[in-house]
Amino acid sequence: SEMEIGSENIEQVGEDMFVVAASPAMRHLRAQAELLAQVDAPVLILGERDSGKQIVARLLHKLSIRSDFQFLKISCNALPGDLLENELFGQERRVVAGTSRTMPGKFEICEKGTVFLDEISEMPASVQNKLVHILQDKYFFRVGGETRVPADVRILAASHTKIEHLLADGKLREDLYYRLSSFSIYVPPLRKRKEDIPLLLGHYMNRLAKHYDIPARTFSSPVLHACQAYAWPGNLKELESFVKRYLVVGDAELSLKELERKLAGNGDVERSGTRLELVREAEPEADSRVSSTDLKSLVQSVKGEAEKHAIANALGQTHWNRKAAARLLRISYRTLLYKIQQYNLAPPSTYFPEMVPGVKSNGHGQ
């Protein structure tokens with residue numbers, strides 16, 4: 001079974017979905033996900049196409065307090081705006097004799113669970129606006145309805161496009177971005193996690209062999225080396241297609257030639273807008289085996305970052321009313337003051353006029 005190959009680095013997160021974390025980059029991501037899963041707040045998942053954003057969303061759900069409830073994925077680019085709105089929020093239709101017929105949407109069906117919104121920037125502005133209200137008020141109205149429906153779901157969102165481009169092009173509303181991005185997680189492309197490639201090859205080989213009912217094949221050493229040298233611009237989708245051809249054709253020489261041709265990157269070969277090229281050797285890194293103390297300090301730094309974000313968020317929500325922020329965070333006022341000092345947080349001058357040189361304070365402010 002696929003779990004036999006380096007099983008300590010492979011974790012099942014859903015039907016036919018696995019997290020492979022042999023590389024330092026993916027171990028970092030795994031530690032980050034473990035911390036973010038505990039914070040019941042939205043998370044923005046960023047990364048190239050087919051780098052595994054849905055897999056990370058499923059990992060966050062699996063590690064969270066909502067793991068016993070549903071996980072639902074909605075591809076925002078798969079439906080036109082009005083259908084997407086009905087799909088998410090449901091619909092209330094008035095019928096004769098004053099009765100109404102309700103069709104629940106995903107936010108209702110997925111109560112207490114996790115909703116994953118893939119390609120969030122493809123969501124029309126009107127639907128983005130309704131999403132802002134869900135995140136802010138924790139309730140929504142069905143399309144055509146007037147009854148408040150409570151929204152007890154965790155929202156995860158993903159995009160493969162750089163956020164600054166989305167904001168500049170008006171594809172993502174700023175108010176939605178700020179509500180989604182208190183916590184974000186970046187999924188590295190395959191070329192940044194070469195140590196995962198042998199495990200991924202084995203995982204896809206076993207899975208596809210089972211699917212096609214063909215005996216699994218092993219990868220020769222030259223093929224493995226070429227696979228680790230190649231940039232995989234199509235990420236997991238491209239790797240899976242390569243394994244499928246290798247399994248069905250069964251010709252290691254042919255597969256090796258295919259990789260060598262791509263590695264040669266003769267300039268006119270392009271795939272999905274990315275020139276195929278040999279990945280240049282990265283800066284020499286420290287030993288890629290992360291020791292337990294390194295991992296501990298890594299987790300500490302990620303935890304600190306998450307804590308800082310949560311505190312800044314609470315202070316922003318309460319307009320820097322520190323007692324209210326402490327209540328919101330469920331920590332003591334004294335602890336909050338210490339944390340503000342520890343993370344060097346300062347309020348915008350709009351809350352505290354004395355922060356601006358030359359402006360006298362009226363003595364108010366909490």
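Colleague: What percentage of the 366 residues in the protein chain is buried?

Modeller: This is a predicted model. Buried here means under 20% relative accessible area. Of the 366 residues in the protein chain, the buried share is 43%.

Colleague: How many helices and strands are there in the protein chain?

Modeller: The protein chain holds both kinds of element. The count is 14 helices and 13 strands.

Colleague: Which share of the contacts with a separation of 6 or more joins residues 24 or more positions apart?

Modeller: Take the contacts in the protein chain with a separation of 6 or more. Those between residues 24 or more positions apart account for 71%.

Colleague: Is L59 buried or exposed?

Modeller: L59 lies in helix 2, residues 53-63. The cut-off for buried is under 20% relative accessible area. L59 has 0% relative accessibility, so L59 counts as buried.

Colleague: Are helix 9 and helix 11 roughly parallel or oblique to each other?

Modeller: Helix 9 covers residues 221-229 and helix 11 covers residues 252-264. They pack at an angle of about 25 degrees, with axes 10 Å apart. Angles under 35 degrees count as roughly parallel. Helix 9 and helix 11 are therefore roughly parallel.

Colleague: How many nonpolar residues are in the contact of helix 9 with helix 11?

Modeller: Helix 9 brings P222, V223, A226, C227 and A229. Helix 11 meets them with A252, L256, L259 and L263. No polar and no charged residues take part, and the nonpolar residues number nine.

Colleague: Is the crossing of helix 8 and helix 10 left-handed or right-handed?

Modeller: Helix 8 spans residues 197-212, and helix 10 spans residues 235-249. Their axes are 9 Å apart, at an angle of about 55 degrees. The two helices are therefore oblique to each other. Their crossing is right-handed.

Colleague: How many charged residues does the contact of helix 8 with helix 10 have?

Modeller: On the helix 8 side, the contact residues include L200, Y204 and R207. On the helix 10 side, they include E240, F242 and K244. By class, the contact has 14 nonpolar residues and no polar ones, and its charged residues number three.

Methods: Residues are numbered from 1 along each chain as its sequence is written. This is a predicted model: local features need pLDDT of at least 70, side-chain atom pairs count only at pLDDT 80 or more; totals for chains, interfaces and linings use all residues. Side-chain values use heavy atoms; hydrogens and water are left out. Helices (H or I, at least four residues) and strands (E, at least two) are DSSP runs, numbered from the N terminus. Buried means under 20% relative accessible area, exposed over 50%, partly exposed in between (1.4 Å probe, protein chains only). Axes are lines fitted to C-alpha atoms, for helices over the stretch in contact, and angles run from 0 to 180 degrees between N-to-C directions. Angles under 35 degrees count as roughly parallel, over 145 as roughly antiparallel, 65 to 115 as roughly perpendicular and the rest as oblique. Contact means heavy atoms within 4.5 Å. Ala, Val, Leu, Ile, Met, Phe, Trp, Tyr, Cys and Pro count as nonpolar, Asp, Glu, Lys and Arg as charged, and the others, Gly among them, as polar. A crossing is left-handed if the near helix is turned anticlockwise from the far one by less than a right angle, and right-handed if clockwise.
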